[in-house]
Amino acid sequence: MPEATGAVQAAPPGDSTGSGRPARGKRALGPVALVVAGGLSVQFGAAVAVLLMPRTGALGVVSLRLALAAIVLLAVCRPALRGHSRADWGTVIAFGAVMAAMNCLFYQAADRIPLGAAVTLEVIGPLALSVIVSRRLVNLLWAGLALGGVLLLSGGGFDRLDPLGTAFALGAGAMWAAYIVFSARTGRRFPQADGLALAMAVGALLALPLGIVESGSKLLVPSTLGLALAVAVMSSVLPYTLELLALRRLPAPTFAVLMSLEPAIAATAGFLVLDQALAATDALAIALVIVASMGAVRTQIGRGTPKSGPKSGPNSGPESGPESGPKSAPAQTLAPARGEAGEETL
């Protein structure tokens, strides 16, 4: 992954052909396309995971996804195990525990309620963190708008969605917010994606016993392992790579706004793969949460959040891990729960 990014950075910064404006347009669309592709990969990977759940259960899917993703990341990153302080290991263990909890809760939710609704409810966690961090009254408007979307999604009572599934999704959102905090701390303590790889391994070790208890030898069926590998690649490895490439050339606020589209992408994946059609009120509810997320990000930009891309900061070189681009708390707060946050301050 770092080698691929280095290739992107080595590209000439300008276009000497005389068609500067079209070239700039292509350069702007390139990283945006990578981010959107990463979002599509994550949510369609989640849809494949839902298809896998009848074979292994939700906890079985989580354990296989984290274990296989950890194997891939450890093989690619080969992080050093020595030379880290007790505080470093405490941070990465906490990060891995939060990662395991977030995935367990989310897949339990996706097993009970439509994928679009699960992701919409999950987004409330990062959005709430953004409002708390900003301490601006205008963000109460965005919080209220998001709350309206959630209430509309519930149809006046969460029993329409399955109360347990709703609780799991909201719990996953709380873990997403905690993930953001520990991701930033891990990124400050470990180079490149080493902290992410180690945390993924910790998460896999914590989740694997739960998967074994739930599914046992079913986890070792070759076809199941093949689908689980597809989930791990689509939901972890591929998004990390695409976002790593994009964040070298994309301003952090733009990245965060694009991530606000995750509920819509999830709803599309649920419809196409799982035949989960949306009612008009559900679509409106998802739209309200998306607008609230985007509004919160744009409000932070107006506050004076740096608009420069990841390459503008003194610490924004190849040493930052996946998703290391966002350098501001607001942008990172609405970033996806996938790669390493880098050196954000929360």
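## Overall fold

Where contact denotes heavy atoms within 4.5 Å, 84% of the contacts in the chain between residues at least 6 apart in sequence join residues at least 24 apart. The model is a predicted one, in which local features need pLDDT of at least 70 and side-chain atom pairs count only at pLDDT 80 or more, while totals for chains, interfaces and linings use all residues. Residues are numbered from 1 along each chain as its sequence is written, and side-chain values use heavy atoms, with hydrogens and water left out.

The chain holds 12 helices and 0 strands; here helices (H or I, at least four residues) and strands (E, at least two) are DSSP runs, numbered from the N terminus. Read from the N terminus on, the order of elements is α-α-α-α-α-α-α-α-α-α-α-α.

## Burial and surface

Of the 346 residues in the chain, 53% count as buried. Buried stands for under 20% relative accessible area, exposed for over 50%, and partly exposed for values in between (1.4 Å probe, protein chains only).

## Cysteines

A disulfide is taken as a pair of cysteine sulfur atoms within 2.5 Å, and by this rule the count is 0. Cys 77 is buried, at a relative accessible area of 18%. Cys 104 is likewise buried, with a value of 13%.

## Helix 10 and the residue after it

Helix 10 covers residues 262-274, and its 13 residues should span 18 Å at 1.5 Å a residue; the expected span is 1.5 Å times one less than the number of residues. The end C-alpha atoms of helix 10 are 17 Å apart, which agrees. Its buried residues are Glu 262, Pro 263, Ile 265, Ala 266, Ala 267, Ala 269, Gly 270 and Leu 274.

Just after helix 10, Asp 275 takes a positive phi of about 60°. Asp 275 lies in the loop between helix 10 and helix 11 (280-303) and is exposed, with a relative accessible area of 63%.

## A positive phi at Arg 78

Arg 78 is a residue other than glycine with a positive phi, near 45°. It is placed in the loop between helix 2 (20-77) and helix 3 (86-110). Arg 78 is exposed, with a relative accessible area of 67%.
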